[in-house]
Amino acid sequence: GQHEQHQHQHETPKKEAQHMSGVTMMPASLGKYPMSQEGSGTAWNPAASPVYMLMLPKHGRYDFNLMGLATLNYTKQGGPRGESQLFSNSMVMGMAQRETGGGTLAFRAMLSLDPLFNGKKGYPLLFQTGETADGQPMKDRQHPHDLFSELAVSFARSLSESASGFVYAGLVGEPALGDVMYLHRPSTGDNVEAPITHHWFDSTHISYGVLTGGLIFNDKLKLDASLFNGKEPDENRYDIDPIRLDSASARLEYNPTSELSFSGAYGFLKEPERLEPGVGVHRLTAAIQHTKQLGPGRSLSTGFFFGRNENKGKGSNAFNLEGAYTFGDSQVFARAERVDKDELVGVPVGTYRVDKLTVGASHNLMKRDGLEYALAGTLSFYSYPQSLDPFYGKNPVSLGIFLRVRPGRMSH
């Protein structure tokens, strides 16, 4: 009971475990900072970020937790190319870690049931591009995530009073490129819809073969670099693709305070597109994230993300500004995107500047057994060149409604 919990707090070596709702939260896996600072892969969120987690019983020397979400969605995408569909989003991650060898050993497994519920064509999403279905490029649809979205192990230890180092290796994992994947960053809030800027910024979050090394200074500055598989996952979403380390990236992240996180990264992706063999992509990304706890149950998270892809002698840019305000059991969120789309299917060849604004709100209907159940809705509006009006119509509006379940929020 309480005595055992009190003992366990003092047994956590070197790292100060955070107290959340009377539970000792697992310390971070890559450094001595709060676990709330860890995003997807080896990327950082602000340390003040909210954490949605279910602590599981300890086994031997291992601590276990469960994170992630599952949703049941209905979308009606607007205009003549818009489709309606019932679908599901899911991303569930289990983690086990222990202190050993003077450092922290951690195992992560992240699974998605997207391919089971959504099929190989995923779900309708106006102006989304990237990846294929039945050998054809996706047309205004978001591809399903693979069943195995992460299978990785990491080891971190102190090198001196102010420096530590880590290695991260995954059969499936996320290299040091871009920033935190959209489903894992607080500024996305309850918006589970993929950004149409996804393939300029965080599309490498499922790479079959990742090896990353990193150095951390004063728990504020991190430099990590990766060798990874630059090819997008194939259409079989249930298998492990051939493991390659044919691409490379490097990233610098700086968290000057618990509320701020900056990052910049560069990567070369060898032949990411299956329909463009021999064509590599140079990717440059930058991000600023900010999270502020405003009081009990209230927080504001914002993020600005930039991505640039260069291939075949041409460059295209993407910008994403998003935010989420949480108050009690409710949240309002918004995302504004601008992207140069050069892969639109079924329109004259060219690059089109597309703007998208998504606004939404969610409300927790109930909490039970450490889980939150919420109802949410989104509306999306678009702006694009008049030359696309014959295909997309004028001023389409897209609607989304979904039910979401996830572990409850742990209080800082």
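1. Two strands are taken to pair if DSSP finds at least two bridges between them. Strands and helices are themselves DSSP runs, numbered from the N terminus (helices: H or I, at least four residues; strands: E, at least two). On this basis S5 (62-76) and S6 (84-100) run antiparallel and are joined by 14 bridges. Within this pairing, Ser 84 in S6 is the bridge partner of Lys 76.

2. The structure is a predicted model, in which local features need pLDDT of at least 70, side-chain atom pairs count only at pLDDT 80 or more, and totals for chains, interfaces and linings use all residues. Residues are numbered from 1 along each chain as its sequence is written, and side-chain values use heavy atoms, with hydrogens and water left out.

3. Strand S6 also runs antiparallel to strand S7 (residues 103-111), with nine bridges between them. Gly 94 stands opposite Ala 109 in S7. Two residues lie between the strands of the S6 and S7 hairpin, where Gly 101 takes a positive phi near 55 degrees. S6 is mostly covered, as twelve of its 17 residues are buried; buried denotes a relative accessible area under 20%, exposed one over 50%, and partly exposed one in between (1.4 Å probe, protein chains only).

4. Arg 81 lies in the loop between S5 and S6, and it counts as buried because its relative accessible area is 13%. The side chain of Arg 81 makes a polar contact of 2.7 Å with that of Asp 140 and another, of 2.9 Å, with that of Tyr 392. A polar contact is a pair of N or O atoms within 3.5 Å; within protein, one must be able to donate a hydrogen and the other to accept it, and residues adjacent in sequence count only if both atoms are side-chain atoms. Leaving aside neighbours within four places in sequence, the residues in contact with Arg 81 (heavy atoms within 4.5 Å) include Leu 126, Lys 139, Val 345 and Phe 391.

5. Leu 126 is placed in the loop between strand S8 (123-124) and strand S9 (132-133). Its relative accessibility is 1%, and therefore Leu 126 is buried. Beyond four places in sequence, Leu 126 touches residues including Arg 81, Asp 140, Ile 196, Tyr 382 and Tyr 392. Leu 126 and Phe 381 are 255 residues apart in sequence, yet 10 Å apart in space, C-alpha to C-alpha.

6. The largest nonpolar core has 14 residues, and those with the most contacts inside it are Phe 127, Leu 344, Tyr 384, Leu 388 and Tyr 392. Apart from it lies another core, of nine residues, among them Phe 87, Met 91, Met 93 and Tyr 182. Such a core is a set of buried Ala, Val, Leu, Ile, Met, Phe, Trp, Tyr and Cys residues joined through side-chain atoms within 4.5 Å.

7. The structure holds six cavities of 30 Å³ or more. About 640 Å³ of space lies in the largest cavity, which is lined by 37 residues; Pro 50, Tyr 52, Met 67, Leu 183 and His 184 lie nearest its centre. On a 1 Å grid over the protein atoms alone, a cavity is a set of points where a 1.4 Å probe fits but cannot get out, whereas a pocket is an open set with protein on both sides within 12 Å along at least five of seven lines; lining residues have an atom within 4 Å of a point. Grid points are joined across faces, edges and corners, and a volume is the space filled by probe spheres set on the points.

8. The largest pocket has a volume of about 730 Å³. Of the 35 residues in its lining, Glu 273, Glu 276, Lys 312, Asp 342 and Glu 343 lie nearest the centre. Strand S20 gives the most to this lining, with three residues.

9. Most residues other than glycine have a negative phi. Glu 131 has a positive phi, near 70 degrees; it is found in the loop between S8 and S9 and is buried, at 6% relative accessible area. Asn 395 has a positive phi of about 55 degrees, lies in the loop between helix H4 (389-392) and strand S24 (397-407), and is exposed, with a relative accessible area of 64%.
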